[in-house]
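Please open the model in a viewer and keep the selection tool at hand.

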Amino acid sequence: GAMAAERALAMATCTAPVNIAVIKYWGKRDTDLILPINSSLSVTLHQDQLKTTTTAAASRDFTEDRLWLNGAEVDVGHPRVQACLREVRRLARKRRGGSEDTATLSLSYKVHVASENNFPTAAGLASSAAGYACLVSALARLYGVEDELSEVARRGSGSACRSMLGGFVQWQRGERPDGTDSLAQQVAPETHWPELRVLVLVVSGEKKPVGSTAGMQTSVETSPLLKHRAEVVVPERLAQMIRHIQERDFEGFGQLAMRDSNQFHATCLDTFPPIFYLSDLSRHIIALAHRYNAHHGHTKVAYTFDAGPNAVIFMLADTVDEFVEVVRSSFPPSTNGDQFVRGLPVGSAVLPQELVGAVVTEPVPGAVQYILHTKPGPGPQLVDDPSQHLLGADGLPRRRA
Ligand code: DP6
């Protein structure tokens, strides 16, 4: 009958956001449980511009667990994917109090998972955080689990735990060896600072030399600066950053975000052998931001860089039009000039000659591929509309990204 059919195939679809850290996570004290050496803090970006969508399905007819990323089947045996699956199932079992209720989805059914991004993976925008946050959200929905989800997402990728919440989010390092207190907490919702905007400057697409996971492990093993940062610098900065956010103090927020990005990249240089994530163009953008701020006499824009050369730049809404024009003049688009600015609308601005003279020194044509305009946004969302499922009734992918 209908009841039995429902239990035979269950499906849930969620979306999850990207986040950008302003106090960086770099280094683990436990590589298996993914426990960090320091707490970190990030801003969740809006899913209208950057998001992952994931459908998870379970059926008694599935013969094995399977996973598709952007339409292509990949190995489901990845230890981090397996850890997320195992942990969600464990929480489901715990919630059911050990009894296998026939009305709930059987935990012995195999799962099919399909995931896709609404942005090019090749652009080097952090996709693993949104990816694991979305995997865990969809699985949790499938199995009816609600709590402790940031701890599960953390097992996929450290930074993924922060994508389980919207707005301004801290990941507390925790003290316990089992990681039960290493979780994400919201510092403020996305509505707290409505004027805050984010520009992602996507630079030409060279692949990053060393992945975060391997890079941070070498840093933990060799960098005395990283040890000092984790023990002394970050605890002070985290408290300051929370205060700046609570007070919506852009000067304080921006200064500290830039300093913390710079110190993270300094620990990469202090790693032996050293790791370089910033490119000449990244440094060019850093210098441009400082010239722009100096011209205005205060912090109007604040950059931050993760394990790659793309720049993420914070500013208030009233600065966007002018700064986008500064970027356009500094890095004149070579092709697709009409698609140079994407995301939220940007108005036109005429730059005063004085500003151009002081800020736009030696333009580099074509260096910035495009600018994505976005803002802080909410955490993972449930997709109610069944037509949005990425898997069909047969449990196989329905369409390509
Ligand atoms: C530079 O979360 O990608 O983006 O835990 O090994 O998966 P794993 O690393 P990951 O590292 C992110 C590092 C960073 C800083 C940050 O997001 O805090």
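In which loop is Arg 248 found? Select Arg 248 in this predicted model: the residue is found in the loop between α6 (224-246) and α7. Its phi is near 50°, a positive value in a residue other than glycine. Most residues other than glycine have a negative phi. Arg 248 is partly exposed, at a relative accessible area of 43%.

Next, select Asn 70, in the loop between β7 (66-69) and β8 (72-74). Here too phi is positive, near 50°, and the relative accessible area of 23% makes Asn 70 partly exposed.

Proceed to Phe 272 and Pro 273, and display the peptide bond that joins them: it is cis, with omega near -5°. Most peptide bonds are trans. Pro 273 has its place in the loop between α7 (250-270) and α8 (280-296).

Now turn to the aromatic side chains. The whole structure contains 11 aromatic pairs. One of them joins Tyr 25 and Trp 171 edge-to-face, with 4.7 Å from centre to centre and 65° between the planes. Tyr 25 lies in the loop between β2 (19-23) and β3 (28-30) and Trp 171 in strand β10 (residues 168-171), so the pair ties together parts that are 146 residues apart in sequence. Tyr 25 counts as buried at 11% relative accessibility, and Trp 171 counts as buried at 0%.

Then select Phe 168, Trp 193, Phe 250, Phe 253 and Phe 314 together; these residues form one aromatic cluster.

Finally, centre the view on Tyr 370: Arg 342 lies over the face of this ring, at 3.6 Å from the ring centre.

Definitions and conventions. Residues numbered from 1 in each chain as written. Predicted model: local features only at pLDDT ≥ 70, side-chain atom pairs only at ≥ 80, totals over all residues. Heavy atoms only, no water. Helix = DSSP H or I, 4+ residues; strand = E, 2+ residues; numbered from the N terminus. Buried < 20%, exposed > 50% of the residue type's maximum accessible area, 1.4 Å probe, protein only. Phe/Tyr/Trp six-rings, centres within 6.5 Å; stacked < 30°, edge-to-face > 60°. Lys NZ or Arg CZ within 6 Å of the ring centre and 35° of its normal.
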